[in-house]
Amino acid sequence: MATVEIRDVRKAFGPLEVLHGVSVDMADGEFVVLVGPSGCGKSTLLRMLAGLENITSGEIAIGGKVVNTVPPKDRDIAMVFQNYALYPHMTVFDNMAFSLTLAKAPKAVMEQEVGRAAKILGLEQLLQRYPRQLSGGQRQRVAMGRAIVRNPQVFLFDEPLSNLDAKLRVQMRAEIKELHQRLKVTTVYVTHDQIEAMTMADKIVVMNGGNIEQIGQPLDLYDRPANLFVAGFIGSPAMNMVKGTVTGGVLRMDDGTTWPLPTNGPNGGIGAKEGPAVYGVRPEHLRLDGNGIPATVQVVEPTGSETQVMMKIGGQSVIGAFRERVTAKPGEILPVMPDPSLVHLFDQQSGRRL
């Protein structure tokens, strides 16, 4: 196990800079998730950590040792790829033992280490099968087993669940988290799926356009997003963003509709700076209230545990997620009210949370 320190790391491909001075510290044994949209630089950062991409400038240290020029095989890391990268002509045992074979480990050591990993992952009955004889989830376990056998200081996961169906992704999320709790090895996990990030991480690093937007624990990012990007990216369905003007102790939309100001700041809504702002309210923080804001129903989506309703308020789209079984039809009016203690104000220009 080891700490990981990334200090002002930049990456350029010719004149194009794709990482713009990224810095983040990862504690020993921590599960850190790099999350962001496609093209934000998260996989490039992971590959630089693995030694598969050169660093343009900055430093990466593993266990206190700067590894900028250290070859991948000498960094004591193990990487699990999106496509599993299993050798089709090798059995599960041989795939898992591959790194030990290269190291010319004794057969007894290979059997012991592979057996240990297979027991952890429930692969004991599959060791003589070939990858073509396995399901997607079993192949993923084999790829993880091959990493475990190396006893690395750091695990690196590059979107390992993207090729699995929805049900299997949920199962494998839990298995990877349980594996981390058992092995307590520092883990860096890349995904574009914010649900994976929220459910698995000790710490989330939200990336966008080659920069870090916010670093924090999952619920910190959910409850206190630093800006509009984080607010819209973390949470599903995404946070509603209503544009208006703060005036007279409310946020007023162009059509005159008013929203109560947040009460969760240091002074509540008192003294909020007047002027253009973006009002952020999560769909689950809207409730049905007879005295609420009139919203025109567009689409009703029952999911079983809740009902999601797409609505229009003052010409702007809003989504509500209600525990009630809403039976409204398109065109009907639903009165909705936000919880002022759970809403946010953002600056329209900078996007920063006010």
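This is a predicted model: local features need pLDDT of at least 70, side-chain atom pairs count only at pLDDT 80 or more; totals for chains, interfaces and linings use all residues.
1. Starting with the overall layout, the protein chain splits into domain 1 (4-229) and domain 2 (239-347). The contact between them draws on 6 residues from domain 1 and 8 residues from domain 2. Taken over C-alpha atoms, the centres of the two domains are 39 Å apart.

2. On the domain 1 side, Y222, P225 and L228 provide 86% of the area buried against domain 2, more than any other three residues. The salt-bridge count across this interface is 0.

3. On the record side, an unreviewed UniProt entry annotates residues 4-234 as "domain: ABC transporter". In the model, that span is 37% helix and 26% strand, and its end C-alpha atoms lie 24 Å apart.

4. C40 deserves a stop. This residue sits in the loop between strand 3 (31-35) and helix 1 (42-50). C40 counts as buried because its relative accessibility is 1%, where the cut-off is under 20%. Leaving aside residues up to four places away in sequence, C40 touches L19, M207, N208, G209 and G210. The C-alpha atoms of C40 and N211 are 7.6 Å apart, although 171 residues separate the two along the chain.

5. K312 has S317 of strand 17 as its bridge partner. There are 2 residues between the strands, and G314 in this hairpin adopts a positive phi near 55°.

Notes. Residues are numbered from 1 along each chain as its sequence is written. Side-chain values use heavy atoms; hydrogens and water are left out. Helices (H or I, at least four residues) and strands (E, at least two) are DSSP runs, numbered from the N terminus. Buried means under 20% relative accessible area, exposed over 50%, partly exposed in between (1.4 Å probe, protein chains only). Contact means heavy atoms within 4.5 Å. Two strands pair if DSSP finds at least two bridges between them. UniProt positions are given in the numbering used here, feature names are shortened, and annotations may be inferred rather than shown by experiment. Domain bounds come from an automatic or database domain assignment. Buried area is the accessible area (1.4 Å probe) that two parts lose on being put together, summed over both. A salt bridge is a side-chain nitrogen of Lys or Arg within 4 Å of a carboxyl oxygen of Asp or Glu.
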